Every structure is written in C-alpha cells, then in structure tokens.
Amino acid sequence: MSRHLMRGRQLSRDTEHRLALRRNLVQSLFEHGKVKTTLPKAKEVQGFAEKLITLARTGTLNARRRVIAALNDRRLTDEEQEFILNEKGNPRTVVQRLFDEVAPRYKGRPGGYTRIIKLPQWRIGDAGDLVQLELITDEQKTPTGTIRRSTGHRRKRQEKRQQFASKVLKKAESSEAKTQASPEQAQAE
C-alpha cells in the first residue's frame, strides 16, 4: 500500500473521530485560550488552528463561511453551563468569538499565533506526556535574561588549561620577583 500524499497523524482513531477531535480541540482553544492535551494531538491541532486564525483575520463573509464549514460552530457557555448571550440576546458562538476577539489581536502578526508548552505532568492511565496548547497574547513577551549555554568538553578543557597557565605564570612571576629582590637585599645589607 502506498503512503504518497498521506499527511497528518492517525492518533489511533478513524477518520470521523479524528476530525471531530480536531474540531473540538480547536473550539476549546478559541473558547478558553488554552487547552491541555498530549503532544501529538497538540501538534496536529496547532496547524489547523493557525489556518483558521489566518482565515478569520480577513473578516470577510466568505472567510466566515469557510471557518464555519471547517469548524462546525458551537455555542459558548460560562462556568454554570449557561449560554453566553450577545447584545441581541442570541447565544454567542465560537466563530463569533474567533472573528470578534481572537483574530483582531493578531492583525499585524505574520503567523505563529499558538505555542506548545510541555508540562511536567503526565496522564495517570497511560503516562502520556501532557502539553498546553495556548494562544499567544501581547502580555506574554519573550523572556528576558541571559541564555544558558551548555559548556561542552572542549570549552571546559580549554578553561582548565587557561586556569592552569595563569597559575603557572603567577608562580613564575612571584619566583622572579623573589630572585630579583634577594640580590638587592644582599647588596643593601
């Protein structure tokens, strides 16, 4: 069987289940701003979410229809599982939030709207590594400080050689100073 032009991860699911999983994760990402999941699922969802945000940045009717077709829109709920209503009294949806809140934040950004952060936790059942897929916000600036560089064997060896050489030079200089000082002391006496 040929593997040509077959992209994406199977995630141990059939096609319909995989598509539904991807849609649900992206809807939750747009609804809450971050999602905890496993690394393969997050990598699979990240590209889909970024394509939808890029499409929503245009704000056209055609883009909205394409996002609805790809995402299967759902209504937003609050903590008490009550529907969140808009100004007209209608329930708000994920697509409305994407077009009204999420996409305008990234108007001047050329890409990279999401990031994956590896978490130190794992799932209890199968010990799957957990990650957090989140939307990047303006408040999250790049970390400041110095970059921690790993020192390799060559660098460590070179530093030891330099330290040893400086010790030897100090000893040699101190012994020369003593030899020069001792004849002068003998003449002075």
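Before the packing angles are quoted, a definition: axes are lines fitted to C-alpha atoms, for helices over the stretch in contact, and angles run from 0 to 180 degrees between N-to-C directions. Helices (H or I, at least four residues) and strands (E, at least two) are DSSP runs, numbered from the N terminus. The model is a predicted one, in which local features need pLDDT of at least 70 and side-chain atom pairs count only at pLDDT 80 or more, while totals for chains, interfaces and linings use all residues. Residues are numbered from 1 along each chain as its sequence is written, and side-chain values use heavy atoms, with hydrogens and water left out.

Let me begin with the chain as a whole. Its secondary structure comprises 5 helices and 3 strands, in the order α-β-α-α-α-β-β-α from the N terminus. Of the 189 residues, 25% are buried, where buried means under 20% relative accessible area with a 1.4 Å probe, counting protein chains only. Among contacts (heavy atoms within 4.5 Å) with a separation of 6 or more, 54% are between residues 24 or more positions apart.

I turn to the sheet. In what order do the 3 strands stand in the open sheet? The order is E1-E3-E2, with antiparallel pairing. E1 and E2 stand at the edges with a single partner strand each, so one side of each has no neighbour in the sheet. From one strand to the next, the twist averages 30°. Two strands are taken to pair if DSSP finds at least two bridges between them. E1 and E3 are joined by 5 bridges, and Thr-38 stands opposite Leu-130 in E3. Between E2 and E3 there are 6 bridges, including that of Ile-117 with Gln-132. These two strands form a hairpin with 6 residues between them, and Ala-127 in the turn has a positive phi of about 60°. Because 6 of its 7 residues are buried, E3 is largely enclosed by the rest of the structure.

Next, helix H2. This helix covers residues 39–58 and reaches 30 Å from its first C-alpha to its last, close to the 28 Å expected; the expected span is 1.5 Å times one less than the number of residues. Its buried residues include Phe-48, Leu-52 and Ile-53. The buried residues of H2 pack against several elements, among them helix H1 (15–32), helix H3 (61–71) and strand E2 (114–122). Just after H2, Gly-59 takes a positive phi of about 75°.

Finally, how do H2 and H4 pack, and at what angle? The angle is about 100°, and their axes lie 9 Å apart. The two helices are therefore roughly perpendicular, the term used for angles of 65 to 115 degrees. At this contact, Leu-52, Ile-53, Ala-56 and Arg-57 in H2 meet Leu-98, Phe-99, Val-102 and Ala-103 in H4.

Conventions:
Buried < 20%, exposed > 50% of the residue type's maximum accessible area, 1.4 Å probe, protein only. Parallel < 35°, antiparallel > 145°, perpendicular 65-115°, else oblique.
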